[in-house]
Amino acid sequence: MKRYLGADQDIEKRVKTHLFVIGPNQSGSTFVTRAIERCSATWSMAREGQHMLGYHGPDTLHHDIALTWASSSKSVDFMRSRANYNWGKTRKAWYFQAQAARQDASIFVTKSPPFLLIADQLAEHFKQVRFLFLIRNPYAVVEGICRRTIEQESERAEALRLAAEHIMTCFEYQKQNIETYRSTGLFLSYEKICSQPLESGRKVQDLIPELTELDFNQRIAVKGMYDELLRNMNEDHIGRLGPQDILTINEVFASKLDLMRFFGYELLADI
């Protein structure tokens, strides 16, 4: 299929809407973004925004807490500092590397989990911004993060704590995002997308009608690990957590119960 290259087009004139998929890591944002990018009305990139050549901002691949960037106030402040971004240069680099199936595509879409902390900057520096806010069961997120970061069993409790603090901070910022951008954003949970893909797709189309071909009920390759229909993997992930793991996680989650309930989640009892 022919692809039109941003380097050959005046995307500044062609793009009418910028869609940012905003969600913590391990929350299904890659699958969702890939599904949206298959719509012919979109300009998209080979990798998420923060990892593209020419991006002027913090890149978690070169950060010492690549998967738990919201676990400390120091790292959050670093990610949120406006001094660390140049959105004019970033926009030009993104547009140059973008591709589309149609020359008249008008939706630019990208995602990067840390953008959850800077939705205000995205809304300020890009025209006609729309947000798709995602969230997932925090126990599943913690397990997914730790499975990729723990090298020694002796480090497990600390890794679980960091991941738990990370996702609770993400929840706090995501709640603010949802409340701030009610008129230009849509909130969907990972669980809802898995259980009701057609309805979820229609809600995204209500937000951006041009995404007429959007289909969450399809096979999509994700991070070289999955190439299958979207399915809820929470039970698999949470099932890997032992009783002591849940106790450790709950030491963090217990003080954030109201926040968890805002998104429809409860504390798990230790097994």
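**Figure 1. R34 and E37 are three residues apart in helix α2 (residues 29-37), about one helical turn.** Their side chains meet in a salt bridge at 2.7 Å, N to O. A salt bridge here is a side-chain nitrogen of Lys or Arg within 4 Å of a carboxyl oxygen of Asp or Glu. R34 is partly exposed, with a relative accessible area of 25%. E37 is buried, at 13%. Buried means under 20% relative accessible area, exposed over 50%, and partly exposed in between (1.4 Å probe, protein chains only). Helices (H or I, at least four residues) and strands (E, at least two) are DSSP runs, numbered from the N terminus. The model is predicted: local features need pLDDT of at least 70, side-chain atom pairs count only at pLDDT 80 or more, and totals for chains, interfaces and linings use all residues. Residues are numbered from 1 along each chain as its sequence is written, and side-chain values use heavy atoms, leaving out hydrogens and water.

Figure 2. An α-helix has 3.6 residues a turn, so residues three or four places apart point the same way. E199 is partly exposed at 29% relative accessible area, and K203 is partly exposed at 31%.

**Figure 3. R231 pairs with D236 in a salt bridge.** Their closest N and O atoms are 3.3 Å apart. R231 is partly exposed, with a relative accessible area of 39%; D236 is partly exposed, at 37%. Elsewhere, salt bridges that share partners join R82, D120 and E124 into one network. The structure holds 18 salt bridges.

**Figure 4. Helix α6 (residues 138-149) is mostly covered.** Nine of its twelve residues are buried, among them Y139, V142 and I145. The buried residues pack against α7 (156-180), α10 (234-238), α11 (243-253) and α12 (257-262). Contact means heavy atoms within 4.5 Å.

**Figure 5. Seven strands form an open sheet with mixed pairing.** The order is β1-β4-β3-β5-β2-β6-β7. At the edges, β1 (4-5) and β7 (185-189) each pair on one side only. Two strands pair if DSSP finds at least two bridges between them. Strands β3 (residues 42-44) and β5 (residues 107-111) are parallel, paired over two bridges. T42 stands opposite I107 in β5.

Definitions and conventions: The expected span of a helix is 1.5 Å times one less than its number of residues.
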